Amino acid sequence: MRIVVCVKTNYDLQMVRVKGREPVLEALPYKVGDLEKNALEAALQLREGGLECTIVALTVAEANAKVKETMKEALALAADEAVVVNDPALAATDQAALAAAIAKAIEHTGGADLVLFGEGSTDNYSGLVGSRVAELLGLPQIGYARSIAVADGAVTVERSMDDMIETLQAPLPAAVTVVSEINEPRVATLMNIMKAGKKPLTELSLADLGLDAGAAAPQKAVLSNLAEEQDRKHIIIEGDAATAAAGLVDALVKEGVLGR
Amino acid sequence: MEKVDVIVVGGGLAGLSAAYGLAQAGLEVMVLERGDYPGAKNVTGGRLYTSVVRDLYPELWEGAPFERAVTREAISMLADGRMATFEIAAEEFGGRRPQSFTVVRAKLDQYLAERTGEAGGMVIPKMKVDALLTEGGSEASGAGGGPGASGADGGPGASGRVIGIRAGEDEIGADVVVVAEGVLGLLSSEAGLRERPAAADTALGYKEVIELPASVIEDRWHLNPGEGAAQLFMGSVTKGMMGGAFLYTNRESISLGIVVGMEQLRSRPDELESWQLLDELKTSPAVAPLIKGGEVIEYSAHAVAEGGIAKVPRLLGDGYVMVGDAAGLSLNALITVRGMDFAIASGYHAAQAIAAAKAAGDTSAAGLAGYERALRESFVLKDLQTAAKVPALLENQRLFTHYPEAVTKLMADIFTIGPGPTEKLSKTGFGGVRRSFLNLATAKDALSFRKI
Amino acid sequence: MADILVYSDKPQVARELAFKGREFAAELGLGLSAAALGPESAAAAADLGGHGADRVFVSDDAALEGLPTDVVAEALAQIAQEAGAEYVLLGSTRRGKELAGRLAQKLGAGAVTDVNAMAVKDGALVGWRYALGGATVAEERIDTPVKLFAVMPKTFEVGAPQAGAGEVVTPALSLSPSRVTVGGRTPREGESVDLAAAPLILGVGRGFAKREDLDLGRELAAALGAELACTKSLADFEWLPEDRIVGLSGAKTKPDLYLSVGVSGQVQHTVGISQAKIIAAVNTDKEAPIFQLADYGIVGDLYQVVPALMEKLKSL
């Protein structure tokens with residue numbers, strides 16, 4: 001069977017710097033999103049559990065010139081092949097268009113028996129793309145999986161909801177999004193990283209998928225995107241543990257937030 | 001043990017230049033970089049003399065993310081609250097083929113890493129190499145070693161053939177390991193390929209990147225758009241210690257840093273740190289207006305090799321070559337500070353030699369000997385040889401105390417109108433010159449300076 | 001007449017959406033519809049009417065048993081059509097977010113989830129949410145004919161219910177059973193904690209090396225009289241329950257004092273503490289981003305600093 005893991009290649013968010021209140025996004029390195037690493041690991045564990053499958057890492061890049069390099073990370077971690085939809089028209093798109101491109105790309109590259117997503121991307125965390133894709137492909141979907149089992153043409157998922165743990169089952173093909181508690185993604189070995197460069201990577205444009213640039217037009221407008229204002233004192237209290245601890249408690253008492 | 005053709009330890013300019021050439025030659029090459037990404041924590045001040053590397057990989061430099069072509073050079077001497085600046089703006093520095101550019105390493109190194117990736121090389125960041133593996137199962141562990149472990153007894157060259165690396169759980173073999181680990185040389189010294197750099201041959205660099213709008217930079221340093229300035233500071237900025245401060249204008253930031261002799265800094269009783277020296281420079285009346293309104297967006301500290309050619313280790317051996325700072329290929333000639341050009345050139349020549357050695361099926365020291373030959377024929381070792389006496393000169397304390405004091409005093413005297421009668425300019429000038437520059441010590445200095 | 005349609009499977013969230021939706025509807029000159037689905041829909045309908053809905057669409061169609069996302073999405077799509085909904089407001093719970101994608105796709109609607117503030121601007125609803133992993137707050141407007149916002153619970157306050165319920169509408173829905181079957185449901189255990197309302201919070205992170213070491217944190221929390229909170233990773237390890245998470249995927253807190261111990265300060269966590277009056281931090285790494293956000297910091301080993309803090313607190 002064919003497992004497609006949908007991967008978002010993100011800015012390394014730990015590197016985002018705020019200038020004034022504006023985020024500075026130029027020259028940031030990209031990486032495979034953390035939750036997508038969980039999804040890749042989940043696919044790998046299914047295979048290691050005896051499921052015969054091809055693992056495809058699929059990304060729709062927002063005109064990211066470095067996307068092929070970034071996808072090598074997914075290939076090194078788990079995937080047998082990668083599919084990259086990369087198109088300048090995707091530079092300022094949103095989840096609906098991403099989902100449309102993902103759905104088309106899956107249809108275009110051999111379909112999927114199981115489509116895996118992270119529960120959200122580490123940057124926007126909208127959590128929309130998985131269910132949009134499921135709707136577009138007419139698939140049953142189970143979100144927030146903390147364990148996945150595949151047997152007898154069905155996927156059984158234990159999922160982590162706000163107030164309960166649910167066990168759900170859906171017939172394949174199906175879409176599943178995963179939460180980070182599902183596994184601890186392993187670190188790729190050097191040889192796997194090396195071999196990743198030689199695995200097949202298919203690059204597609206929107207036109208290849210029968211989509212025009214209009215399909216990438218965003219449905220939303222971002223009116224502003226600024227860091228919250230913070231005005232902090234930044235006082236480091238020096239000294240050994242006892243001195244510093246005493247100094248901190250004294251300071252907090254003086255602030256009126258302790259010892260009232 | 002799985003194996004690739006070449007492993008490059010360190011993804012700086014030397015390592016990436018080697019990897020790019022090797023990938024182009026069709027070899028399977030893996031670059032292991034400790035930082036979050038190539039160039040992430042590099043403290044290099046930021047000027048690359050492109051004049052000497054332009055013909056190596058000419059296709060690379062056309063689209064390279066350079067900051068500004070340096071058209072203004074200045075040296076400022078500081079002493080006793082005075083700053084005397086000598087500045088040259090020369091059209092020949094710029095033009096169609098500028099001799100040097102300011103660079104931001106985070107951008108330049110990532111650019112080279114991308115080109116290397118496109119050429120088929122694999123650049124792997126966040127990957128710390130723990131040891132170089134040598135033949136006979138001897139492994140010099142970076143973690144468990146330490147002084148007196150392997151290498152220290154035998155001295156450089158005592159180890160067997162370098163056969164690969166260990167990084168965490170992974171052991172990977174290679175026909176050739178390119179050692180591009182930078183100035184500290186931890187892995188290569190543990191493996192007995194070189195000695196650890198001595199504190200006396202090492203300086204400590206501390207640099208801040210201060211963000212300023214392009215127009216402000218161009219106004220403050222009198223630059224046309226795209227042009228840049230380089231400024232060196234010496235004298236009281238290092239409190240008499242060997243070293244100086246540097247300033248380079250980038251597109252929308254300046255790199256301001258200080259380099260101080262490690263040994264002199266360490267032996268101070270007041271536990272002064274290099275960043276404190278830089279802070280004093282930043283708040284000094286002469287420099288504060290230059291950086292006013294700028295925000296420090298990054299800072300970093302690192303060692304700088306100052307040993308000159310005398311401290312260049314054996315450049316290659318069975319299964320390995322040393323490039324860039326790891327091979328001590330840097331030159332502080334007081335007025336020109338070079339390292340990046342040497343790094344690129346050494347990486348280039350290493351790649352050519354390794355490709356040839358691989359083709360000939362001999363990656364022993366003999367097979368790789370072309371690397372050292374090429375370096376000797378190139379500007380790298382020639383310029384280092386020319387400057388062979390410089391490191392000793394830099395130990396002359398007067399460079400950092402007496403001369404800045406004398407020059408600034410003389411300049412100040414010339415421009416001083418005191419309350420009493422003013423001397424003839426010629427008297428002030430010649431008097432100052434005679435007092436400060438014509439004595440036995442300076443005469444000896446003058447003789448030694450001729451060796452530069 | 002065009003409407004705002006509100007729905008959440010959580011009665012309290014549905015009330016919040018209806019109560020605030022009433023205000024938006026008045027401002028925009030729209031009607032307010034609500035949907036109540038599933039076996040308990042009749043009771044919910046009266047409640048929602050009392051909280052401001054002009055019309056409540058009610059269905060207890062057998063396919064809605066257990067509120068499977070795909071069937072709920074289909075039901076809401078049909079109701080939205082019948083109500084002529086221009087805006088759909090959902091709760092941004094996990095169930096709500098999963099629903100949002102399906103429903104938006106069915107309605108051709110643009111969607112914004114995790115909304116933590118909304119307002120009418122230039123004749124349209126706009127929503128605010130964290131972006132770039134919490135580094136920024138984005139203000140977003142939706143430009144499709146139907147617009148969907150999923151709003152975080154407790155974003156809006158609920159006022160007292162009014163007498164006079166809205167009109168109850170029983171739409172003729174055409175629903176097929178879900179393809180997803182439920183094997184079991186287990187409520188999450190653990191005492192419930194309201195971090196959003198806590199005046200003192202001790203936040204713990206991966207600086208704690210072992211699960212047992214959290215006892216040190218519990219002791220300090222007790223000594224401070226603080227609620228214990230954690231980063232997402234500690235909940236992922238199941239060292240602490242999920243309702244102790246502060247940050248993008250947990251509580252947004254507003255304490256007088258947030259003391260963080262062994263927390264590096266990734267923005268995904270710190271979005272939940274940025275409203276604290278005073279932030280203090282203990283971390284071994286002086287470069288840890290938490291210090292950028294802290295009023296007071298100690299660079300040190302928590303295993304030494306925490307006992308020292310407790311010792312000092314005894315003297316208060």
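Predicted model: local features only at pLDDT ≥ 70, side-chain atom pairs only at ≥ 80, totals over all residues.
Residues are numbered from 1 along each chain as its sequence is written, chains are lettered from A and ligands numbered from 1 in the order in which they are written, and side-chain values use heavy atoms, with hydrogens and water left out.

Let me begin with chain C. Its C-alpha trace spans about 65 × 45 × 35 Å along the principal axes, and the chain holds nine helices and 16 strands, where helices (H or I, at least four residues) and strands (E, at least two) are DSSP runs numbered from the N terminus. Of its 316 residues, 60% count as buried, a word that here means under 20% relative accessible area, with exposed meaning over 50% and partly exposed in between (1.4 Å probe, protein chains only). The accessible surface of chain C comes to about 12,100 Å², and 51% of that belongs to carbon and sulfur atoms; such areas come from the Shrake-Rupley method with a 1.4 Å probe, and for residues only the protein chains shown count as cover. If we take the contacts in chain C with a separation of 6 or more, 63% of them are between residues 24 or more positions apart, contact being heavy atoms within 4.5 Å.

Now to the interface of chain C and chain A. The size of an interface is often given as the accessible area lost when the parts come together. How much area do chain C and chain A bury between them? The figure is about 7,100 Å², with 52% of it on carbon and sulfur atoms, and buried area is the accessible area (1.4 Å probe) that two parts lose on being put together, summed over both. On the side of chain C, the residues that lose the most area to chain A are Arg94(C), Leu132(C) and Tyr296(C), together 11% of what that side buries. The contact takes 84 residues from chain C and 80 residues from chain A.

Between these two chains there are 53 residue pairs in polar contact, both residues at pLDDT 80 or more; a polar contact is a pair of N or O atoms within 3.5 Å, where within protein one must be able to donate a hydrogen and the other to accept it, and residues adjacent in sequence count only if both atoms are side-chain atoms. Helix H4 (residues 94-107) of chain C gives the most to the side that touches chain A, with ten residues.

The next topic is salt bridges. Side chains of opposite charge can pair when their charged atoms come close, and the rule used here asks for a side-chain nitrogen of Lys or Arg within 4 Å of a carboxyl oxygen of Asp or Glu. A search of the whole structure finds 67 salt bridges over all chains, and across the interface of chain C and chain A the rule finds eleven. One pair is Glu119(A) with Arg94(C), whose closest N and O atoms are 3.7 Å apart. Glu119(A) lies in the loop between strand S8 (114-118) and helix H4 (129-137) of chain A, and Arg94(C) in helix H4 of chain C, so this pair joins two chains. Both Glu119(A) and Arg94(C) are buried.

Another pair is Arg185(C) with Glu166(A), at 2.3 Å from N to O, and these two residues also belong to a network of salt bridges that links Arg159(A), Glu166(A), Asp9(C), Arg95(C), Glu98(C) and Arg185(C).

Within chain C, the side chains of Glu86(C) and Lys147(C) meet in a salt bridge (3.4 Å, N to O). Glu86(C) lies in strand S4 (residues 85-91) and Lys147(C) in strand S9 (residues 147-151), so the pair ties together parts that are 61 residues apart in sequence. Is Glu86(C) buried or partly exposed? With a relative accessible area of 24%, Glu86(C) is partly exposed, whereas Lys147(C), at 10%, is buried.

Finally, a word on chain B. In helix H13 (residues 379-386) of chain B, the buried residues are Phe379(B), Val380(B), Leu381(B) and Leu384(B), and they pack against helix H2 (50-53), strand S19 (331-332), strand S20 (337-338), helix H10 (340-360) and helix H12 (370-377) of chain B.
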